[in-house]
Amino acid sequence: VVRGSQRQLGELEALYRERWAAFARVAISIAGSVDVGREAVQEGFARAIEQRHQFRGDCPLEAWVWRIVVNTAKTARVRTPREDPEPGTAPEGVSLNGDRPTEVALWVRNLPERQRVAVFLRYWADLDYRAIADVLEVEVGTVSATLSAAHQGLRRSVQEVE
Amino acid sequence: MSDVESRIRQEFVALDPLPPGAEGDWGDVLGRTEQSQHRRRWALATGTVVAVAAVATVVLVLLPAGGGGPSPAAAAVLNRLARLVASQPLTAQPGQYLYVESRNDYPSISGSCETLAVDHRQIWIGTDGSGLIRDTTSPERFSSAADRAACLQVNPNWRLRSGGTSNDWYAPRCLSTKPGSFEWSSLSSDPHVLLQQMRQIDGGPPTPGEDFQHIGDFLRETDAPPAVRATLYQAAALIPGIQLLGTVHDHNGRPGLGIAYPSQGPYPGKGSSSELIFNPKTGELSGEQGTGPSYWAVYLDQKVVNNLPGEPPAPLTPPCAPGGAGTTKPIGPAKHPHGSITTGAGLNSTSTPSHP
């Protein structure tokens, strides 16, 4: 049994208060909806509290919570009916704030899901490659290759525009 | 930082999906754990939490608890069960083990996928913190067609596990089935004080529903001495909102005395109920079941034994550090281990909390 249940609860609360905005940005981006994303963060942390006895310490607690929140957001996205945006006008997972989509916004929208989630974790949550690897349950080299491929895609799309 | 990364960071600022002024609500998170307290903490190795599998239909009988205080009928039964369990021969002596055998059906949550498997658990808990947990699981199944579809949409390559048996061995000081770091002797014999101690140790929101969960956490598959168990029953009798169900039947059809904590929860239509079932002759916890969603567990045997059921595949040495830190090594092929050994070896390099 993982010991220190009360201590873990305190750590989870501290993580939530310190990093809520990052969790919300990533979850909203994955879910494609502000409401669904915010709901995923709440539900993800509730699950983390309930499952904290299962945390085995094989990765940092924050990475473990990210994993839960990311998966909760993915599931919520699948289970939530939504209208697909017009192609090229409303990039999924990013807000346009009423402006025309930028190359970066379009690039994010067209990424394969795994690359897109890695990009969100990198740029919204500012996680390093090791932490992203823990969240996605892959090797660090896979994260490096994933982001590298994503960056190459952006370079190409920018060159095409220019 | 590369030019591409730099450009992405700059543009992401303008793409912020978070509405201005938005803030988190930690109280809401805690409220959800209370609302879904049927997802009780399954503290041991299988990593399962919530429950499924419908069981007996239970009709509330006798006196409902009412809103303000504990149910007199439930309290009377619990206090009688406390006297019974206090006299049970469940205290292992040095060199002996407390053996607990159970079956349960709880969902396993892994990412987007929620699956079920009946688990047959056998635990040997040594007085020195050594022991063995043997899990035999049936093949996994999805809880519903909708869950299967949701899982496979997110994880197209998901494969249900085929089931099997695992043996997790523990060197001295490496195995604790208690829901926290404490000694049984440190718990108060005053049930009012014990309720507060459990809140400190087990955490969660300070509510009667969570208190009822604590009672289960401290009883199930633990080596709590009979006197502590008796005080736990007396503490349960103090919890506002508990209800006496009268005679109920567990998943195996065995009759027992049921005590429940029904919760409507803060959200409409999401109520739940958690039930503890006690053997009316011995006072021991004999089963659990609940709704919203449903789950069940039956405790088949609990007794003191003199030996582990066999030899471990390697010596159970050295002991873990005081406090339980140790290292766990898998047994069998790396991709499909069929158990593990936890010892205090290598603590200076990669020590981690060892308890399951």
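# Report on chains A and B

E137(A) is exposed, with a relative accessible area of 56%; the terms used are buried for under 20% relative accessible area, exposed for over 50% and partly exposed for values in between, with a 1.4 Å probe and protein chains only. This is a predicted model, in which local features need pLDDT of at least 70, side-chain atom pairs count only at pLDDT 80 or more, and totals for chains, interfaces and linings use all residues. Residues are numbered from 1 along each chain as its sequence is written, chains are lettered from A and ligands numbered from 1 in the order in which they are written, and side-chain values use heavy atoms, with hydrogens and water left out.

## The two chains

Chain A has seven helices and zero strands, and its pattern along the sequence reads α-α-α-α-α-α-α. Chain B has eight helices and 13 strands. Helices (H or I, at least four residues) and strands (E, at least two) are DSSP runs, numbered from the N terminus. Contact is taken as heavy atoms within 4.5 Å. Accessible areas come from the Shrake-Rupley method with a 1.4 Å probe, and for residues only the protein chains shown count as cover.

| Property | Chain A | Chain B |
|---|---|---|
| Buried residues | Chain A: 58% of 162 residues | Chain B: 53% of 356 residues |
| Accessible surface | Chain A: about 7200 Å² | Chain B: about 14800 Å² |
| Share of that surface from carbon and sulfur atoms | Chain A: 45% | Chain B: 55% |

## Chain A: helices α5 and α6

Helix α5 (residues 113-123) and helix α6 (residues 129-136) of chain A have axes that come within 10 Å and cross at roughly 135°. Axes are lines fitted to C-alpha atoms, for helices over the stretch in contact, and angles run from 0 to 180 degrees between N-to-C directions. α5(A) and α6(A) are therefore oblique to each other. Under the scheme used, angles under 35 degrees count as roughly parallel, over 145 as roughly antiparallel, 65 to 115 as roughly perpendicular and the rest as oblique. From α5(A), the residues in contact are V117(A), A118(A), L121(A) and R122(A), while α6(A) contributes Y129(A), I132(A), V135(A) and L136(A). Seven of these residues are nonpolar, none is polar and one is charged. Here Ala, Val, Leu, Ile, Met, Phe, Trp, Tyr, Cys and Pro count as nonpolar, Asp, Glu, Lys and Arg as charged, and the others, Gly among them, as polar.

The loop between α5 and α6 of chain A holds D126(A). D126(A) is not a glycine, yet has a positive phi of about 60°. D126(A) is exposed, at a relative accessible area of 51%. E137(A) is found in the loop between α6 and α7 (140-161) of chain A. E137(A) also has a positive phi of about 60° without being a glycine. Most residues other than glycine have a negative phi, and most peptide bonds are trans.

In chain B, the axes of helix α3 (residues 72-85) and helix α7 (residues 226-236) come within 8 Å and cross at roughly 180°. α3(B) and α7(B) are therefore roughly antiparallel to each other. The α3(B) side of the contact consists of L78(B), N79(B), L81(B), A82(B) and V85(B), and the α7(B) side of P226(B), R229(B), A230(B), Y233(B), Q234(B) and A236(B). The residues of this contact comprise eight nonpolar, two polar and one charged.

The peptide bond from T317(B) to P318(B) is cis, with omega near -10°. P318(B) sits in the loop between β10 (295-305) and β11 (325-330) of chain B.

Is H214(B) buried or exposed? With 1% relative accessibility, H214(B) counts as buried. H214(B) belongs to helix α6 (residues 208-219) of chain B. A distance of 8.6 Å separates the C-alpha atoms of H214(B) and P179(B), which are 35 residues apart along the chain.

R103(B) is part of strand β1 (residues 97-110) of chain B and, at 26% relative accessibility, counts as partly exposed. Apart from neighbours within four places in sequence, R103(B) is in contact with V118(B), D119(B), H120(B), N252(B), W296(B), A297(B), V298(B) and L300(B).
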